[in-house]
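Reader: Could you walk me through one part of this model in close detail? I'd like to see what surrounds it and how it relates to the rest of the chain.

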Amino acid sequence: MNSIIITKLRPFVRTFLKEAGQMFEMHIYTMGCQAYAMQMAELLDPGKEYFSTSTSSSKITSRDDHSSPGQKKCLNLVRGCQNSN
């Protein structure tokens with residue numbers, strides 16, 4: 001089943017991503033499926049500056065990464081830099 005999703009970007013989202021990308025390691029975390037997460041990464045970051053869009057990306061987490069169906073969001077699933085100096 002194919003679904004059409006209409007997404008409206010917030011004003012100044014590109015400016016925000018550019019500035020935040022200089023200060024933080026950014027991730028996408030959604031309770032949508034992996035295909036949705038990848039589409040949002042492509043929409044938000046068409047130049048692939050902030051989020052990798054490869055299927056092996058560690059910066060994109062979706063409900064498909066949960067170990068059990070129906071699990072609530074848990075930031076422990078976000079695979080980021082563990083070094084906090």
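Author: Happy to! Keep in mind that this is a predicted model. Let's start at Leu-17, which sits in helix H1. Leu-17 has a relative accessibility of 6%, so it counts as buried, the cut-off being under 20%. Leaving aside residues up to four places away in sequence, Leu-17 is in contact with Met-26, Leu-44, Tyr-50 and Phe-51. Take Leu-44 from that list: 27 residues separate it from Leu-17 in sequence, while their C-alpha atoms are 8.5 Å apart in space.

Helix H1, spanning 13-23, and helix H2, spanning 34-44, each provide at least two of the lining residues. H2 gives the largest share, with three residues.

For a contrasting spot, look at Gln-71, in the segment that follows strand S2 (60-61). Gln-71 has a relative accessible area of 26%, and it is therefore partly exposed, a class that runs between 20% and 50%. Its contacts, again leaving out residues up to four places away in sequence, are Met-31 and His-66. Gln-71 and Met-31 are 40 residues apart in sequence, and the distance between their C-alpha atoms is 9.5 Å.

Notes. Residues numbered from 1 in each chain as written. Predicted model: local features only at pLDDT ≥ 70, side-chain atom pairs only at ≥ 80, totals over all residues. Heavy atoms only, no water. Helix = DSSP H or I, 4+ residues; strand = E, 2+ residues; numbered from the N terminus. Buried < 20%, exposed > 50% of the residue type's maximum accessible area, 1.4 Å probe, protein only. Contact = heavy atoms within 4.5 Å.
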